[in-house]
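Take a look at the model below.

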Amino acid sequence: MGLFKRLTKSKNPDSKKYRREMAEMICGQHIKYVTERIDDVETVIGKNGGLNIRNGEFIVYASADVLFRCQVDELQASELLSKDGVVLTGPDLEHGGKMRTIIAFYVYYRK
């Protein structure tokens with residue numbers, strides 16, 4: 001990342017610029033599995049998929065299904081401290097606009 005890009009990077013997680021930059025950063029990651037926590041029980045909802053952006057929407061697909069679809073400007077994304085995955089929160093267009101929080105765990109690749 002260049003010096004100018006690091007200096008102009010948004011630090012406010014509620015801004016549209018930050019949300020777009022975060023979505024671009026995690027776009028293209030391959031997913032090992034996706035979980036969702038409901039009533040303190042974490043359930044695997046999909047395996048083997050990826051993260052994409054299409055027509056201004058952030059899409060999580062796994063197990064040959066679209067599990068989560070949200071407008072990029074409304075998506076809250078934060079990487080896990082281990083950098084092994086990402087927590088995604090937003091109104092899910094696949095489920096009628098219901099607010100959902102899912103965790104997508106990346107496939108491990110040695111870099």
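Strands β5 and β6 pair in the antiparallel sense, over 4 bridges. In this predicted model, serine 78 stands opposite valine 87 in β6. The two strands form a hairpin, with 5 residues between them. Lysine 83 sits in that turn and has a positive phi of about 65 degrees.

Move on along the chain. β6 and β7 also run antiparallel, joined by 8 bridges. Glycine 90 has arginine 100 in β7 as its bridge partner. These strands form a hairpin too, with 5 residues between them. Here the turn holds glycine 96, whose phi is positive at about 70 degrees.

Threonine 35 stands opposite isoleucine 103 in β7.

Now go to β3 and β4. They pair in the antiparallel sense over 6 bridges. Glutamate 57 has glutamine 71 in β4 as its bridge partner.

Which residues of α2 (residues 16-26) are buried? They are Arg19, Met22, Ala23 and Ile26. Seen down the helix axis, these buried residues fall within an arc of 100 degrees, so they line one face of α2. What covers them? The cover includes β2 (41-54), β3 (57-62), β5 (76-79), β6 (85-92) and β7 (98-106). After α2 comes glycine 28, with a positive phi near 95 degrees.

Next, the cysteines. The structure holds 0 disulfides. Is cysteine 70 buried or exposed? Cysteine 70 counts as buried, because its relative accessibility is 0% and the cut-off for buried is under 20%. Cysteine 27 has a relative accessible area of 29%, so it is partly exposed.

Step back to the whole chain. How many helices and strands does the chain have? There are 2 helices and 7 strands. From the N terminus on, the elements run α-α-β-β-β-β-β-β-β. The chain has 111 residues, and 34% of them count as buried. Its accessible surface comes to about 7,400 Å². Carbon and sulfur atoms account for 52% of that surface.

Contacts across the sequence complete the picture. Take the contacts in the chain with a separation of 6 or more: 38% of them are between residues 24 or more positions apart.

Conventions:
Residues numbered from 1 in each chain as written. Predicted model: local features only at pLDDT ≥ 70, side-chain atom pairs only at ≥ 80, totals over all residues. Heavy atoms only, no water. Buried < 20%, exposed > 50% of the residue type's maximum accessible area, 1.4 Å probe, protein only. Arc of directions from axis to C-beta. Contact = heavy atoms within 4.5 Å. Pairing = 2+ DSSP bridges. Areas by Shrake-Rupley, 256 points an atom, 1.4 Å probe, with all protein chains shown as cover. Disulfide = S-S within 2.5 Å.
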